[in-house]
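I opened this notebook to record what I looked up in one structure, entry by entry, with the cut-offs kept beside the terms.

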Amino acid sequence: MTKIKKLADGLPVGALLWALQANPQLWDQNTARTESPSSPHHGLSDIWARFAAPGVDGSQPHESVWYPAADLIPIRELVYPLMGHLRGDQLGGVLITRIKAGQQCKPHTDPGWHARYYKKFAIQVQSAPGQAFCFEGERLETKPGDLFFFDNSFTHWVENDTPHDRITAIVCIKTDLEV
């Protein structure tokens, strides 16, 4: 089974990066993944662009909704063409993560309904040589504009041993497409 696979390169991420730089207030409005010291995402930064509506238990079946942050950045312009390309039936969560220079996302698996229902795709928005998305025995370095699939049911982690922030848009899509 494929744990991680680069699918494409050259996606137009410049406008998204520009908008993220123009809207630093969007980072860490929701710290559910990053606040707890026991979380593998502790100390990292997120922008939640789409997920369960506020007040809805995201660990149970739900329809995801766009959050206000998505109105300030051109994330839909990347997501909707991706849905078409991947023959997506349903769009789930859309999360933008930032791993600052020298930090890492610690080894973990992603449990819960949402993580199992959707396939996970990532668009690299910003990176530098030396950062990587990792699984046991596998390591994928990505450039801005790269699109990759990853299976979060296996233990994975992200290393950023560079002097630059690593920004990734994670897009959850229900699709029967074999990756």
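Predicted model: local features only at pLDDT ≥ 70, side-chain atom pairs only at ≥ 80, totals over all residues.

Residues are numbered from 1 along each chain as its sequence is written, and side-chain values use heavy atoms, with hydrogens and water left out.

**Sheet.** I took helices (H or I, at least four residues) and strands (E, at least two) as DSSP runs numbered from the N terminus, and I counted two strands as paired if DSSP finds at least two bridges between them. I found an open sheet of seven strands in the order S1-S9-S6-S11-S4-S2-S3, with antiparallel pairing. Its edge strands are S1 (4-8) and S3 (64-66), each of which pairs on one side only. S1 and S9 (residues 147-150) pair over four bridges, and alanine 8 has leucine 147 in S9 as its bridge partner.

**Helices.** For contact I used heavy atoms within 4.5 Å; axes are lines fitted to C-alpha atoms, for helices over the stretch in contact, and angles run from 0 to 180 degrees between N-to-C directions. H1 (residues 14-22) lies across S2, S4, S6 and S11, running at about 75° to S6. H2 (residues 76-85) lies across S3, S4, S6, S9 and S11, at about 135° to S4.

**Cysteines.** I searched for disulfides, meaning pairs of cysteine sulfur atoms within 2.5 Å, and the structure holds zero. For cysteine 105, the nearest cysteine sulfur is that of cysteine 134, 10 Å away. Cysteine 105 is buried (under 20% relative accessible area; exposed is over 50%, partly exposed in between, with a 1.4 Å probe and protein chains only), at a value of 5%.

What volume does the largest pocket have? I read about 660 Å³, a volume being the space filled by probe spheres set on grid points joined across faces, edges and corners. A pocket is an open set of points on a 1 Å grid over the protein atoms alone, where a 1.4 Å probe fits, with protein on both sides within 12 Å along at least five of seven lines; lining residues have an atom within 4 Å of a point. Of the 36 lining residues, the closest to the centre are Arg33, His41, Leu95, Asp110 and Lys120.

**Backbone.** Aspartate 28 has a positive phi of about 65° and lies in the loop between H1 and S2. Arginine 87, in the loop between H2 and S4, has a positive phi near 55°.
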